[in-house]
Amino acid sequence: MREVFVAGVGSTSFGKHPDVSIEGLAANAAAQAILESGVDRTRIGALYLGNFISGPLNGKEVLAGIVAERVGLPGNIPCTKVEGACASGGIAFRHAWMAIAAGMCDAVLVVGVEKMSHASTAQVTSALNCAMDNEHDGPSGLTFPGLFGLAWRSYAHQYGLTREEVASVVIKNKANGLKNPLAQMGAILSVEEIQASPMIADPLQMFDCCPASDGAAVVLLTSASLLSGSAFPKIKVLASAQTSGSPRIAHHADLCTFDATVTAARRAYEMSGLSAKDINVVELHDCFSVAEIIDSEDLGLIPRGQGAKWAQESRTSVEGEVAINPSGGLLAKGHPVGATGIGQVYEVVQQLRGTHPNQVKGANIGMTHNLGGTGVACTVNILGVAE
Amino acid sequence: MTQASITLRFQKCQACGAHEAAGIDLCPACLGKDFKTVEVSGQGRLASWTTIRKPPLRFKEEGMYHVGVVDLDEGFRVTGRFIPQEGDQVGDVVIAIATRDDDTHTPIFKVSKS
């Protein structure tokens, strides 16, 4: 396998973009990544685009080909849209990585994009519910906030979990978001304000849930031969793992863990020769507050049952033992679903370059974790500053 | 007084014995196609529950409702509707008291208070 590097990144802000089309968001972020990389567009051999619900919410498909044309990529290159619910972006990244590692291409553009904020909550909930097993779980009326409401109660029963402990994740990520100019809703929040917010899927309340967002993020991956033009430190992809898990609640014996995350993390550690202790900064899939607690334990960063306590003790802050979601995460930065996995890579690249607005001091190795549906798809990447 | 559970209908693979909910015509365990409808007790243990206050379009008119995950005594897990009562705990014994009168036939569970 060949070594794969990040040659350039680009991103729109995450939030509301009522006047920009979904392809316009993607093209703007793509142009940034291409220009920053110094790579000539004629060298780009493929495009992978992660998107989940452009069909139901925007009435638009074949986005990969549309975006390629918008940014003047060479004609006739393979352009592929991939879908894996909230992990769509991560899956696009891994396929681009494989194409370069295998020697099929020297440069691949990876695009993640979603446009959701124009739709009603019920429309968005219905579109997201396409990622559920609608033969078995959907008929009950379960939703994704509901899935994490179930997980919260199950976690509380197994390990103990207070409203105050979960609030500490929200408070941290919202405060981090305030430092990130790309974030949709950073804030300084108190436990009382979180407790006073409306119930969404008990015990989940409004501030425990990520917002609906518009946004795009883009990464240009290349082989070593195309890196010479870059003024930035070399960022290498040390591991890229993708796994699947059961789409059915019935097959999740433990509601406080996602098998797809556990196995993806294990593969990423094996591939990179690193362990959880080596990771300085993590952007993980906190679609809901309790998800960050579960994810951080599934990734092996924090012992089982300790995720919330670590947040409460500031051990996951920017100055902590392992910085989790310094971008604000999905809770504060926003969750334009298909863009999220690429947005996480964008954030980690800024950290490793030392240019992040909420910088983790001396960050050399970073991880991204992107989880789709009921844990049906997962990607974990490890990136590092190359020697 | 203890309320009795209604029975629930599932499909059982005649080749390998795996239980499946309705709507499956191929057994994921053995790829067999021979299913027989079986009735199970509808009694089990509560794995978790939540209250859906932001429903999808399909259930929007209900406003809010409760969903529960139950481990049936026959050894498999189902997602259904739930009627919460004061003091419910994960692990409590639950019974199915009805199935929804619509095309989903989703079972409705509640904790059995003895």
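**Interface and core**

Modeller: The contact takes 28 residues from chain A and 29 residues from chain B, two residues being in contact if their C-beta atoms, placed from the backbone, lie within 7 Å. This is a predicted model, in which local features need pLDDT of at least 70, side-chain atom pairs count only at pLDDT 80 or more, and totals for chains, interfaces and linings use all residues. Residues are numbered from 1 along each chain as its sequence is written, with chains lettered from A and ligands numbered from 1 in the order in which they are written.

Biologist: Turning to the nonpolar core, how many residues has the largest one?

Modeller: The largest has 163 residues. Such a core is a set of buried Ala, Val, Leu, Ile, Met, Phe, Trp, Tyr and Cys residues joined through C-beta atoms within 7 Å, where buried requires 20 or more other C-beta atoms within 10 Å of the residue's own. Those with the most contacts inside the core include A:V108 and A:L221.

Biologist: What does A:L221 touch?

Modeller: Leaving aside residues up to four places away in sequence, its contacts include A:F5, A:W97, A:I100 and A:V108.

Biologist: And the sheet: which strands are at its edges?

Modeller: Ten strands of chain A form an open, mixed sheet. The edge strands are β3 (79–82) and β10 (323–324) of chain A, each pairing on one side only; pairing requires at least two DSSP bridges between two strands.

Note on methods
Buried ≥ 20, exposed ≤ 12 C-beta atoms within 10 Å, placed from the backbone. Helix = DSSP H or I, 4+ residues; strand = E, 2+ residues; numbered from the N terminus.
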